[in-house]
Structure formats: C-alpha cells, structure tokens
Amino acid sequence: RSAMSPAAVARGLALAALLVLSPAGATRQARRPNVVLILTDDQDVCLGGMTPLKKTNALIAQMGITFLNAYVPSALCCPSRASILTGKYPHNHHVVNNTLEGNCSSKLWQKIQEPYTFPALLKTVCGYQTFFAGKYLNEYGAEDAGGVGHVPPGWSFWYALEKNSKYYNYTLSVNGKARRHGENYSVDYLTDVLANMSLDFLEYKSNFEPFFMMISTPAPHSPWTAAPQYTKSFQNVSAPRNGNFNIHGKNKHWLIRQAKTPMTNSSIQFLDDAYRKRWQTLLSVDDLVEKLVKKLELNGELDNTYIFYTSDNGYHTGQFSLPIDKRQLYEFDIKVPLLVRGPGIKPNQTNKMLVANIDLGPTILDIAGYDLNKTQMDGMSLLPLLRGDKNVTWRSDFLVEYQGEGYNGSDPTCPGLGPGVTHCFPDCVCEDSYNNTYACVRTLSTSWDLQYCEFDDREVFVEVYNLTADPHQINNIAKTIDQEILEKMNYRLMMLQSCSGATCRTPGVFDPGYRFDPRLMFSNHGVRARRFSARSL
C-alpha cells in the first residue's frame, strides 16, 4: 500500500475534524437541493413533440408541474442556449445566430459572458459540484475559439460535444482533452453515452456538496439517427396536418411568402420521414430520463433534487409550406416543453403563466440560495410558481428577437434567388435569409393573447396575430387592429429591445401599472426597426 504524503494526511485530518466539529453545518450543506437540467435539441411542443416520451411524462410531468406557455426568446440553438446560460435576452448576451461571427462560442462570448453564467456562480459562489454532458454551443470546439481545449468556467466535470449535434462519429471534450467516438452502437451512440456518463457522475461524485447537472442531448436534431432498437418505431406516424400545414403564408414576411404551395409530394414525404425519425431519437432520451431518475432514487437523492426538462427551440414540419427547420417567429418555433419536479412541487400540476428560458438561470440560482439582486439577468425566478405561492405578480409579455443568417453569394442550390438566402431545399424553398431579422412582443394577459412583430427589411414589415381568435397565426391583423394598440406595442417593443435586468420585467401593455407616453414614440418606424441589427454585436 502506498504511503500518503504528509500534506494528504493533514488534509484528511482537517476534513475529519471539520465533520466532527460541525455536524450541523455539514448536514445543512448536504441538504441544499440538487438540480438536474435536461435540454433537448429542436424539440417542439406544438406539433406533438412530447408524445413519444411516456416515461418522462410519468416521471417528471405527472410528479410535478408542466408549464403550458414556455417560450424561447430566439428560435435557434445557439442564441437560445446562450439565453439559458446567462439568463439574458440575445441583445444582452450578443449571441445572434449559430455562427462564430454571430458570437456563437466566440472568443468574445468566452471573455464577456461565460464567467457570469449561472453554472459559474453555482460553482464559485454557491459551492455546487457542476457536471455538463452533451451539446453546448454550435461552434464550441472551433479552432478559432480555442478548440476543445477550452473548458468554460463553472464546470467541475466537462463532457462537451465538438460543434453541432451528431449521434455517431463525433469528438467530445473530456475536461479539455479530445476523445473521438466511432459508430459502434454499444459504446458510441451519443444519447446513451450521455446517460452512462451521468450515471457515473452520480455514482462517484462527492456526497458533501450539492450538485448541478446539465445533460444536453442531440435528439431530436438532425441527422435523426435512431438507436437500432427504435428504427422501426412509429411506422404509421406522419407530421400533423394542422390548421397551418401546407398552406400559403399570405400577408406575411417575404420569406414565408416565397414558400411553394402546395408542397411537392417529395417534400411532404421528406418531412413525414423526418418527423418519424425525430420521434424515434426521442425514445433514447426517454430511456435516459428513466435511468437518471432510478439512479437518483437508488442514491436516496430524488426527493431533494429538482429535475427540469426543456428544449432549446421548437420546430416546424410543413407549416406555411416551409418543409423543416426553426428560426421563425410563430408558436411552433418559439414554444417549448418545460416540465419540473422537485421538493415542494405538488404532482400533476399545470401552469399557464408566461415563462421563458431566460428564467431557468434565475430559478436555479434561487434554488441554490443565491441573491438574485446581485445578477444582471433579465429573467425571473420560477420558484414562487413551482411552490404554488399565492398572489404572485408575473409578467404578461416577453421579447422574441432573431437576426437572420445569409451569405453575400447566392445559394448554390437556388442561384435564381439571388444573394442573402440560406438553408434552401431542392425545390428552392429557403428557411432563412439575412433580412429574416425581426423582433416581437409576445403578450399573454387576462384580456389579450397577442403577438406583435417588426422586421428589419426594406418593407419594415409588421405582423400581428390575435391567438385567441387565430391560434394558427394565419391572419395578419396589422392593418386592421386598433391603432392605439399598435402604437403601444411598437413602443413596448422599443423598450424591451433596449431593456436590461430589471427593466426587462416592467409592466406590459395590458398590465395595470403600464405607462404609455405617445410623445416618446419615434415618428419614423424605420429608424427604430433598424436599431437592433446595428446593435447586435
């Protein structure tokens, strides 16, 4: 047996003395709640995205609370994930799309935002062990931004995927060292690898500190590679033919209007196939959730652990004749599942409050006992809603913002469309463009279920939807809605686009405390509409 060094002996004696002298303190420390955040990639809620997850529904939703109106402030992976980590809107964390130029995992992001993410505060200030496994940000691991050797501050254990979601043939950063995986299901299928790493962490972690785990799955993102046992599942399932499926998006931004209606048979076949495969990949996530909950129960830690389940954005499959993607301002792309179970949360509840992923950071810090007044976060703690507190004052609106991706050159698939478009399909329907740049106020109050959006394009196009009368957002009422509401919404959008911290939580247009001064309005819409692209970085 190797002899221990004098320093190690001294450390051991000091720890033993601490445990003997302060049992109450040690117990109190151990009893602080643990938190697990499971984040899926591109999982919708509007089009049945939760349907395949029977075990997750039983183990999280039925044992806790389902938020029926949970949204993301930007319907794209990297900006949305940055909002989760920072608790901020995109105009405050400056990650505007999935590119390095758009600040996705860039050196600037690493320097200015990463040191102040909620996991960094959990580890350095609250004394939590922190564990990350899976997809981080789309450009993580890029050579121009430090490669996989870069481990963000705040993580005790780091198992991050290089770049974007894959299921096989990927590289993980294991605490800063590259580990290459191949295509052998039993040892390489990423969703299962994440499950096994999570179980190992729960087996070998310290029992003297609370823990935070963030498990970020590739599913159901493309390339939709199912585990072999699930490739025959859902053979008779196809994408929902809901009210806005395969219809022309009239009175909408030009990008939506350019989609071809009716869609070709090959496009419909493609999106049905994608829909089915997405569900198949989620069955492995369902298994991951089950394994995790069972392990927490076996460890005697389940009752003291909050488990959050959500997605980074929604998705569409044929809505307004757009084949498949996200990025748009409509409910199917900005609305996500959010389920939570944990101490003090009654089972089988639903909540209709308007919540956003900028609330996750403040909530988890609140659970850990951190003073939220010390943060610059834009979101609100969900803890009062989780506990079922009475008479909680809550928001009635939030901001959605996106800066379109596009290239100076034409898309090689569709040269006839000219420069600026991207993510085009063989029939030249494009899912994004550089001027698919917009900002919206999404309002949900006792009197109104409304969305007001402005585009930064030559038209300064405006879209407004009354979701009470028109839940599928088919009829743009920008030209017919009451002019006073339009002006108030325009002003509220201007305020939210320049908000920071507490000013992002001021009363909305239909709240009792709302103040509107028409003299503060800009006379020229275009001046204000152009502000957010110029300010983005």
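1. Is C77 buried or exposed? C77 is buried, because its relative accessible area is 0% and the buried class takes in residues under 20%. The model is a predicted one, and this value is computed from it like the others below.

2. The unreviewed UniProt entry annotates C77 as "modified residue: 3-oxoalanine (Cys)". In the model, C77 is placed in helix α4, which runs over residues 77-86. Leaving aside residues up to four places away in sequence, C77 is in contact with D41, D42, N98, K135, N138, H221, D312, N313 and K326. The list includes three aspartates, D41, D42 and D312, as well as the lysines K135 and K326.

3. The sheet to look at is an open one of 10 strands with mixed pairing. Read across, the strand order is β7-β6-β5-β4-β8-β1-β9-β12-β2-β13. The edges are β7 (177-180) and β13 (349-351), each of which pairs on one side only. From one strand to the next, the twist averages 15°.

4. In one of the residue pairs, S173 has A178 of β7 as its bridge partner. In general, strands of a sheet pair through backbone hydrogen bonds, in either a parallel or an antiparallel sense.

5. Two helices that pack on this sheet deserve a mention. Helix α4 touches β1 (34-40), β4 (129-135) and β8 (211-216), and its direction makes about 170° with that of β1. Helix α9 (residues 190-204) touches β4, β5 (157-161), β6, β7 and β8, and its direction makes about 170° with that of β8.

6. The structure holds five disulfides. One of them joins C78 and C104, with the sulfur atoms 2.1 Å apart; this link is right-handed, with 90° about the S-S bond. It connects distant parts of the chain, 26 residues apart: C78 is in helix α4, while C104 is in the loop between α5 (90-93) and α6 (107-112). C78 counts as buried, at 0% relative accessibility, and C104 is buried at 0% as well.

7. A second disulfide is formed by C440 and C453, whose sulfur atoms are 2.2 Å apart. This link is right-handed, with 110° about the S-S bond. Because C440 lies in strand β18 (residues 438-444) and C453 in strand β19 (residues 449-455), the pair ties together parts that are 13 residues apart in sequence. C440 is buried, with a relative accessible area of 0%, and C453 is buried at 0% too.

8. C499 and C504 also form a disulfide, with their sulfur atoms 2.0 Å apart. The link is right-handed, with 90° about the S-S bond. Both cysteines, C499 and C504, are buried.

9. How are the bonded cysteines of the protein paired when numbered in sequence order? The pairing is 1-2, 3-5, 4-6, 7-8, 9-10. C46 is in no disulfide, and the nearest cysteine sulfur, that of C453, is 15 Å away. C46 is partly exposed, because its relative accessible area of 38% falls between the cut-offs of 20% for buried and 50% for exposed. C126, by comparison, is buried, with a relative accessible area of 8%.

Note on methods. Residues numbered from 1 in each chain as written. Predicted model: local features only at pLDDT ≥ 70, side-chain atom pairs only at ≥ 80, totals over all residues. Heavy atoms only, no water. UniProt positions renumbered as here; feature names shortened; annotations may be inferred. Helix = DSSP H or I, 4+ residues; strand = E, 2+ residues; numbered from the N terminus. Buried < 20%, exposed > 50% of the residue type's maximum accessible area, 1.4 Å probe, protein only. Contact = heavy atoms within 4.5 Å. Pairing = 2+ DSSP bridges. Axes fitted to C-alpha atoms, helices over the stretch in contact; angles between N-to-C directions. Disulfide = S-S within 2.5 Å.
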